[in-house]
Structures are given as C-alpha cells and as structure tokens.
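Here's a quick tour of one protein model, written for someone meeting it for the first time. Have a look at the sequence and the structure before reading on.

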Amino acid sequence: MSTRIAFLKGHGTENDFVIVPDPENVLDLPPAAVAALCDRRAGLGGDGLLHVVRSAAHPEAQSMAAEAEWFMDYRNGDGSVAEMCGNGVRVFARYLQRAGHVSEGDLAIATRGGVKRVHIAKAGSAGGSAEGDVTVGMGRALLLEGDVEVSVGERTWPARNVNMGNPHAVAFVADLAHAGDLYAPPPFQPAGAYPDGVNVEFVVDRGPAHVAMRVHERGSGETRSCGTGACAVAVATARRDGVDPAVTGTPATYTVDVPGGTLVITERPDGEIEMTGPAVIVAEGEFDSAWLEGVLA
C-alpha cells in the first residue's frame, strides 16, 4: 500500500535541498532513494537532502541528544553521506522554526560534524533578510600542510588544503570563468591528498576583505553556494592576506559572494568561525511512496 510522505523545499543562497521530516527515523532512505528525490528532472530536485530526525532516534546522533534535540542527517545529491553542510544547517534551522519546534534565538543542531550552535535573527533585523538571517557556528578550520594543486583543462593552480569537518581545496584564480563548467570533479595532485574526494573552490578578489567564489561540491557538482566552502575560502584568504585572528586578537570578517547570493564569514580569535546568511523555505507538499518504490525497483 502506498503512503504519502511529506517534504519541503528550501535554499540558502540558492544551495537547495529536499527536506524530509522524519522525527522518529522510520523512513528508509538508501542512497538510490536520495538520488531519485534530488534528481532535477525526474524527482523533486536539490543539491542535497535534509533528513530531519530527533537525535535520540538516530544511532549516529544518540550521543548528542542531551545537547541537541534534532539531528541533520545530511545526504549529497548523489545519495552519499556528508559530514556537514553549512547552508543546509541554516535551512534545517529555518524548517524547525517553520514547524514550530524552535523560535528565533539560539539553538543547537546535531550533525555528523558535531553539534552546531545556531542563532535565528528576529525577522526584519537590520542588515538581514526579511525572515531574519541565520548564523551558524561552523567550528574551527584545520589548515593542513603539504602542497596541493587543482587543474581545469590546461590550467593548474596551487590550492590551500582546508578542512571544515569536510575537505576543501581553495585555489585563487584570475577569472572565475577559468574554472570551466565544473560538471566533473577538478583533478587534484597529489592523488592521495583527498582519499574520499574534495570540494574545490575557485576564488577571485572583489575588494578589501571581499571575494567571490565558484565551487564543485563532491557528490553534487557545481552548486550555487557552499557554506563550509565559503568558510574555507574566508580562512584561506585571510591567511593569504597575512591575517590570523589568533595572532592579532581581533575577529576577521570576510564577505564571500557565491553565485546564489552573499555570505558573511567571521573567524574569532579562538578559532571559531561563524557564518551568516539567508535561509528560505519555498514549497511543501507530498510524494507517493509507490513512486519512489517504482524508481528503486
């Protein structure tokens, strides 16, 4: 017997997600099902899927349940599991607010990258979006040693190896068009630098403490935005500029333009990074479980 399964669509700076509320973790969402739901032609369409589960009901999050009631079980658009998604956390928080689980202010969300601290601003706050921007504590960046290079066609650039709970290679380029179409993962060297794949960011300067980027996200291709990527870019740019808040004792804030909008990234002297940007729920509805079973047959 088929059943109707609720879903929503949301985006953060046009990094878009299928949202599937499942508080008690009763739905079976294997990789093929996630990929089918995220398919832009034959499914609902999205860069990834936000599976909304109570932490206590998910084996990967039970240890965080006392600290965070809700777990963001995030999947890439191809169905693979990801450690963290910064734009996804903001959209996840907006869903919780819309569903009445939380209100504006502070909350904690469990992820595979640990518990993330989130602040939902009051609607209409100065300088923010109409619904109120969402700020996410993204943790610390780990800048790994060793030379890394990324390539597109005949061009090759040195890249900064930054880990934000997931791996990033940040390359500074003269023109964002040099990144090509970004349909396929840009090759990198050495081959063993990223055994599980990598998100690759291409960056140009726009002004003081202001850059623009394009990104190829592993498992999703080029996306309109990448939250962890924007954080990695801000930190890599700060170090390139000779700025290290741990040394100066002063927070460093960078504006990062992505194809889908703008994110503001602040690195504090203690190394903690905060990302602020919009989060929007655009639609909600239902899909038939029989359709999904037919796709997977």
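## Ground rules

This is a predicted model: local features need pLDDT of at least 70, side-chain atom pairs count only at pLDDT 80 or more, and totals for chains, interfaces and linings use all residues. Residues are numbered from 1 along each chain as its sequence is written, and side-chain values use heavy atoms, leaving out hydrogens and water.

## The largest pocket

About 220 Å³ of space lies in the largest pocket. A pocket here is an open set of points on a 1 Å grid over the protein atoms alone, where a 1.4 Å probe fits, with protein on both sides within 12 Å along at least five of seven lines; lining residues have an atom within 4 Å of a point. Volume is the space filled by probe spheres set on the points, which are joined across faces, edges and corners.

Among the lining residues are Asp39, Arg40, Arg41, Gly77 and Ser220.

## The second largest pocket

This one has a volume of about 160 Å³. Its lining includes Ile5, Pro30, Phe287 and Leu296.

## Backbone spots

Gln189 and Pro190 are joined by a cis peptide bond, with omega at about -5 degrees.

Leu182 isn't a glycine, yet its phi is positive, near 60 degrees. Is Leu182 buried or exposed? Leu182 is buried, at 2% relative accessible area (buried means under 20%, exposed over 50%, partly exposed in between, with a 1.4 Å probe and protein chains only). Ala209 also has a positive phi, about 55 degrees, but counts as partly exposed at 31%.
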